[in-house]
Structure formats: structure tokens, C-alpha cells
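The following paragraphs lead through a structure chain by chain, and then through the places where its parts meet. Please keep the sequence and the coordinates in view while reading.

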Amino acid sequence: MSAPWYKFGLFGDNVSLVVAFVIGIGFGFFLERAGFGSAKKLTAQFYLTDMTVFKVMFTAIVTAMIGVFYLGWIGYLDLSLIYLTPTYIVPQFAGGLLLGVGFVVGGYCPGTSCVAAATGKLDGMAFLGGILAGLLLFGELFPLVSGFYTMTPLGRVTLPEFFDLSYGLVVFLVVLMAVGGFAGATQVEKWMAAKKGVR
Amino acid sequence: MKGLFTKLTVNRALGLATLVLGFLALFLGDPGKGARATIDPSELALMVQREVDHVSPEQLADWIIAGRSDYRLVDLRREAEFAEYHIPTAENIPLTGLDRSSLGRNETVLLYSEGGIHSAQAWFLLKARQHRSVYMLSGGLDGWKERVLFPRVTADSSAASLEKLKHVSAFFGGSLRTGSGEAAAGPTLIMPKPQISAPPVAPAGGTTTKKKKEGC
Amino acid sequence: MTTLTASPPADLRAATTTAARTAHPYMNPYLAGLGLGLVLLLSFVVMGRGLGASGAFTAVVATGVNAVAPEHAKANEFYAEYLGDGTTSPLMDWLVFEVLGVFAGGLISGALAGRVRIAVDRGPAITDRSRLILAFFGGGIMGIGAKIARGCTSGQALTGGAVLNLGSWITMLMVFAGAYALAYFVRRQWL
């Protein structure tokens, strides 16, 4: 066990900020490469004409998931030291819906709006301004909603733990779902392209 | 057309590799649950011999008084014994519960039990689980009583060290023992209540150095 | 990564079908996803945490409120969590630097592909002004949603998805549900 490096003290807080910047560059680079600097490209996912969002997102999830699984299995990466956001069922249900609504209305998500703004998209910049305004609003109203905010807490829990399945089985199921989804998504894109051609 | 063909092969290759890795995962079960624990006996033996893995009661007392919180002090005894008395800032993880404990592999852990045997067993268990820095309190709780709570004062102790002993032992609710061995061995030593001797700083356990939040 | 950055746009065009009709060809989504996944994996191995975005903006807002009304900020549990013990600025934060990197990385990739230009991305049936207003509102809704869900699409769906976090999968599925449910009503903006 020698990873995560930071948590085993290989470097300190100051170096971690440099690491953050470098990792951010990689993140932003591939988001832009995938076409996520364009709201039209992103929202096409929700009109079934271009399923790139699903393909990129699930390829990334599956890649990292398999990497984490195997690095953990050979005993290199300590999974218990990877930060997991605690689960709050009801707020995350509602928050997820709001994220989806904001996505299709605004055309971006927080990460992709940074890429859009960096490549000169004015709507990306407006979206960023909106995020700051929304956060301020939430912050000011926080005392009123804190009860809802902390509802149904489950703590740090993973799918394998929650459903009492082996980690490997869940990895396999996600892989199956993703690969099946990719084939399905490509088929849907073809149908939609044909429909458009007819029209 | 050639471009399309290349793309399909790349995509198919990626898809196939993913399926194979996912299928293998099905049979590998759970990562990092300790089933693959390995130990290096000669390295461990060397550490035991050199006693680098020991922390003296006096040192621990200094740490607690100074409010150090970059380690976790673990009491391995049974719950009832823990409730009766424990070293301030200690948390109770009975030996049988060590498997399911929340101790991180990157945390500094200081173990103690009544004497030295249980903490040595727990030390080996954690080392085998590849915990990085695991230490034992030398002499265990017996050593703590003997050297911190009720230290024996001998005639040749200097005034300064006497003052320090008195101060430390009073901090933890104990007292100095003077006179001959027979008298001190009597049942007159009253263990302080755990609540009284709680220090003003450093709550038990927790990695207080990691104060930075990690989520979004 | 170097081979990818070195590829001229013409090569990418040949290797991409979905974007072949547009002027700006994008990378094969699976290769982009693979790259993104490896960056995420690197983050897990090096830092023990994943990627994120919304947290950085919260740090900015908390800093702003603290500068204007420090007492008010300290009294609010939400800001206080980001302000910490006050010894360091909330802007000296991992996510803030990561998001700065996202801006830089996006600019690098965009510049290499010739995609950097001042523009408003919208469908033909809507004005620039309406689009900007909707973008602002969408951003606002997403800011609130990201806080309630404890993370946005980066922090929850992507990062939490990869480590099989229960709450992240709930959030991810609801993001798609919410977006598909509303897509029909805002189609004029995009189609």
C-alpha cells in the first residue's frame, strides 16, 4: 500500500496545489477535446441526436473504475483512503434533478462551462456568473433549508456495500451496462440521423 | 471509409478490453479487504528487536499534555475495562474489533493494553495489514500507572525531575508515591475517573490534521 | 497525451464521424473518455480524491461574502465550512487550483484545434440575448443543485460514479432524468 500518495505523506499541501493545477489541465483538455466546450454538443444528448456526453462520461467512469479496482486488488491503492462524498438520499435525489434541469436550460455543467468560457463562449461565461449567483442565493437561504439539506444521511457508502454484492460483481455490471449503452447509443444516433434525413 | 474502419476497430478493441477486465473483476471479488496481507518477517523481527516501535509512558504523557493530535491512541482492552479507566484521549477498539476498525493505513497508531501481550498481537495484525506507523506503549497500562500516574520517588531524584513528575502525574489525576516498596504496593492507589483527567485539548481519535474539506 | 495534442485537426476529422459534418471535428468520444478516465485515475492515485468543479466556485463565493460581511459569513454554517479556521484563504484550495487548470487545459486544447473564438452557442430559433439569460439561469439552478447534491456532474457523477459511491449514482441518474424530462420544453433554445 503506497497510494494515494498524498495521504501517505509523499508531499505536502503546497505541492498538492501544483498537482491540482496539472490534473485540472488534463481534465479541461479532454473535456474540450470531447467537444464539451459547446452547449449545443452537450445538450444534443437530451435530444438523442448526439450521445457523446453519455459515451465520454461512461468511458471515463469505466476506465477509472477498472483502474481503481485493479490497483486496489494488487494492494497498491488503499481504497478506504479515497474520499467519498457522504450519501444523503433525498437531497441527492432532488439535487440531481435540479442539476439536470440546470444542464438542459443552461447548456453546461460547472466543469464544462469553464472550458466553454476559456474558449471564448459568452454563454459559458454567463453560465459561470449564474453559478456564482446560485451559490450566493443558496448560501443566504442555507439556514432555511439546512433541515432538508441533511435529511436521510447514510454516510460513506458504496453500491457494493449497500446492496451487499462483491465489488468485482458491481464493476462487471457497470461495464456491461456501459458497453451495452454505447452500442445502444450509437444505434439511437443512427435512427435520429435517418429521421432527420427523411424530414 | 478507411478512417471509419480504423475507428471501429479502435472502439471495438476498447470495448473488448473493457469487457474482459470487467469479467475478470467478477471473479476477483473485493479489492483491499486485507485478504492479500503480506508481511516481511525479517524486517518485523528487526523492528521488534530494536524497539523502535515503542513509545514510553513519559513520552505519551508529554504528547497528551502538549495536545498533539497527529496520532490515534487505541485502548485494546474490553469495553468495561475501558469505561472504568483509560488514558485520556484514548479510543476503545477491543482486539476482536480491530478487523472492522476505522484505522487508516496512513495514520499513526499507538496501541496499549493491560500489559504488553495484546498490543504486540495487535501490532502484528496491523503491520500485516500494511499499516505504516504502528507503535506500542511500552509496559502498557501497567507501565502508565507505574511511571506516570503514581511514579515512585527515589531518594536520588533531583528537585527539577521531581517537580516534573509531580506536575505530570497531577495532570492525569495521580500522585507521587514515596517511601518503600511494600507500602506503595498496597491497595491505596485510587484510579482517577476518566472524565476528570480529560485534557483540555485534542478530542479522542480523529485525524485532526486533515481539517481541509475534500468534497465539492 | 503528446501524440494527441500533436495531431493536426485534419487527422481528427478523418477519425471522427459524428463531428464530420461540422467545421470543428472533435476527438473520438471513447478516446476522450479514456483520457478523462486516466486523468481521474491519476487523481485518485496521487491525491486520494477525484475531480470537481462546483466546490471551487463555492470557495469563491464564500471568500466574497467574507470580504463584504465577515460577521455574516461566520454566522452562516454553509460559508463557515468553506472558510475553515481562518488561518488560510479558502482560495488556497485544491479544487480552486484544479479549476484554474481546467480553464488552462480547455484553452490549450481549444487553441490547438482552432476552436477559440468569441461566440454564443445556441440553436437558430433563439436570440443571443435570450440564450445568455437562459445560460445565467441554468447556471444558477445548477449552482443550487450542486450544493444540495453535494457535488456537480464532475464531483458526483464522474468521480463518485467511478468509485461506486451510492449517492453519486443516485445523483447521476437524476441528472439524466431531470434533463430528459425538461428537454422538450426548452427545445427552442437548441434545435
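Helices are DSSP runs of H or I with at least four residues, and they are numbered from the N terminus. With that in mind, chain C reads α-α-α-α-α-α-α-α-α-α-α along its sequence; it has 11 helices and zero strands. The model is a predicted one.

Chain C has 191 residues, of which 58% count as buried. Among its contacts between residues at least 6 apart in sequence, 48% join residues at least 24 apart.

Chain A has eight helices and two strands, and their order along the sequence is α-α-α-β-α-α-α-β-α-α. The C-alpha trace of chain A spans about 60 × 45 × 35 Å along its principal axes. Of its 199 residues, 57% count as buried. Within chain A, 66% of the contacts with a separation of 6 or more are between residues 24 or more positions apart.

Chains A and C meet in an interface to which chain C gives 115 residues, in contact with 110 residues of chain A. On the side of chain C, the elements that give two or more residues are helix 3 (29–47), helix 4 (54–68), helix 6 (77–83), helix 7 (94–112), helix 8 (128–148), helix 9 (153–162), helix 10 (166–183) and helix 11 (187–190) of chain C. Helix 3 of chain C gives the most to this side, with 18 residues. By residue class, the side of chain C that touches chain A divides into 72 nonpolar, 32 polar and 11 charged residues.

How enclosed is one of these elements, helix 9 of chain C? In helix 9 of chain C, 10 of the 10 residues are buried, so this helix is largely enclosed by the rest of the structure. The buried residues of helix 9 are T153(C), S154(C), G155(C), Q156(C), A157(C), L158(C), T159(C), G160(C), G161(C) and A162(C). Their cover comes from two chains: it includes helix 3, helix 4 (89–106) and helix 5 (110–118) of chain A, together with helix 3, helix 4 and helix 10 of chain C. After helix 9 of chain C comes L164(C), with a positive phi near 55 degrees.

The nonpolar packing can be followed next. In soluble globular proteins, nonpolar side chains tend to be buried together. In this model the largest nonpolar core has 128 residues, and those with the most contacts inside it are I61(A), A64(A), M65(A), V68(A), V171(A) and L40(C). Helix 3 (residues 52–73) of chain A gives the most to this core, with 13 residues. Leaving aside residues up to four places away in sequence, V68(A) touches L77(A) and L79(A) in chain A, and L41(C), F44(C), A162(C) and V163(C) in chain C. Another core lies apart from the largest one; it has 28 residues, among them I64(B), L110(B), L126(B) and L141(B).

From the N terminus on, the elements of chain B run α-α-β-α-β-α-β-β-α-β-α-α-α. Of the 216 residues of chain B, 25% count as buried. Among contacts in chain B between residues at least 6 apart in sequence, 66% join residues at least 24 apart.

At 1.5 Å a residue, its 12 residues should span 16 Å, and its end C-alpha atoms are 17 Å apart, which agrees. The buried residues of this helix are S119(B), A122(B), W123(B) and L126(B). Seen down the axis of helix 5 of chain B, these buried residues fall within an arc of 110 degrees, so they line one face of the helix. They pack against strand 4 (108–112), strand 5 (133–137) and helix 6 (140–149) of chain B. Just after helix 5 of chain B, Q130(B) takes a positive phi of about 65 degrees.

The confidence of the predictor remains to be considered for chain B. Its mean pLDDT is 76, and 75% of its residues reach 70 or more. Among the elements of chain B, strand 2 (residues 72–75) has the highest mean pLDDT (92) and helix 8 (residues 181–184) the lowest (46). Over residues 181–187 of chain B, pLDDT stays under 50, and the model has three contacts beyond four places in sequence for this stretch. The pLDDT is also below 50 over residues 195–210 of chain B, a stretch with 24 contacts in the model beyond near neighbours in sequence.

Technical notes:
Residues are numbered from 1 along each chain as its sequence is written. Chains are lettered from A and ligands numbered from 1 in the order in which they are written. This is a predicted model: local features need pLDDT of at least 70, side-chain atom pairs count only at pLDDT 80 or more; totals for chains, interfaces and linings use all residues. A nonpolar core is a set of buried Ala, Val, Leu, Ile, Met, Phe, Trp, Tyr and Cys residues joined through C-beta atoms within 7 Å. A residue is buried if 20 or more other C-beta atoms lie within 10 Å of its own, exposed if 12 or fewer, and partly exposed in between; C-beta atoms are placed from the backbone. Two residues are in contact if their C-beta atoms, placed from the backbone, lie within 7 Å. Ala, Val, Leu, Ile, Met, Phe, Trp, Tyr, Cys and Pro count as nonpolar, Asp, Glu, Lys and Arg as charged, and the others, Gly among them, as polar. pLDDT is the predictor's confidence in each residue, from 0 to 100. The expected span of a helix is 1.5 Å times one less than its number of residues. The arc is that of the directions from the helix axis to the C-beta atoms.
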